Amino acid sequence: MKNPFTLITVAAFAAGLAAPVLAADKMEHMDHGAMHAAADAALTDGLVKKVDKSGGKLTVSHGPLPSGMPGMTMAFRVKDAVWLDSMKEGQKIRFAIDDKMTIVRLEAAK
Ligand SMILES: [Cu+2]
């Protein structure tokens, strides 16, 4: 007669070997950080079309962005509305946006 406890032990051991392996999460975070560093470094040329101080927004005609956005005219939120005090229509700028399309760097250009 076979010993039923032997079969149960083997089954439990096999199930233990099938434990899931979760290791991909950390690498994704590293890549995300690298993307941010690249985006922060790259300033894009733009031309101010409209200044919305109360809304904290700047409408900009811009060339292609590092994020892959093609050139267009659009309104961006600005990280610090105080920056808009020195902006006016027709002002040339250099700027960078974050992944939420907020302008996080803004400087006047000649
Ligand atoms: Cu755009």
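Helices (H or I, at least four residues) and strands (E, at least two) are DSSP runs, numbered from the N terminus. Residues are numbered from 1 along each chain as its sequence is written. The model is predicted: local features need pLDDT of at least 70, side-chain atom pairs count only at pLDDT 80 or more, and totals for chains, interfaces and linings use all residues.

The protein chain contains 2 helices and 5 strands, and along the sequence these follow the pattern α-α-β-β-β-β-β. A residue is called buried if 20 or more other C-beta atoms lie within 10 Å of its own, exposed if 12 or fewer do, and partly exposed in between, with C-beta atoms placed from the backbone. Of the 110 residues of the protein chain, 11% are buried. Two residues are in contact if their C-beta atoms, placed from the backbone, lie within 7 Å. Where contacts link residues at least 6 apart in sequence, 44% join residues at least 24 apart.

Asp45 belongs to strand 1 (residues 44-52). Beyond its neighbours within four places in sequence, Asp45 is in contact with Gly63, Arg94 and Ala109. Asp45 and Arg94 are 49 residues apart along the chain, yet 4.5 Å separates their C-alpha atoms.

Met101 sits in the loop between strand 4 (92-97) and strand 5 (102-108). Its phi is near 60 degrees, a positive value in a residue other than glycine.

The table gives the exposure of both residues.

| Residue | C-beta atoms within 10 Å | Class |
|---|---|---|
| Asp45 | 14 C-beta neighbours inside 10 Å | partly exposed |
| Met101 | 13 other C-beta atoms within 10 Å | partly exposed |
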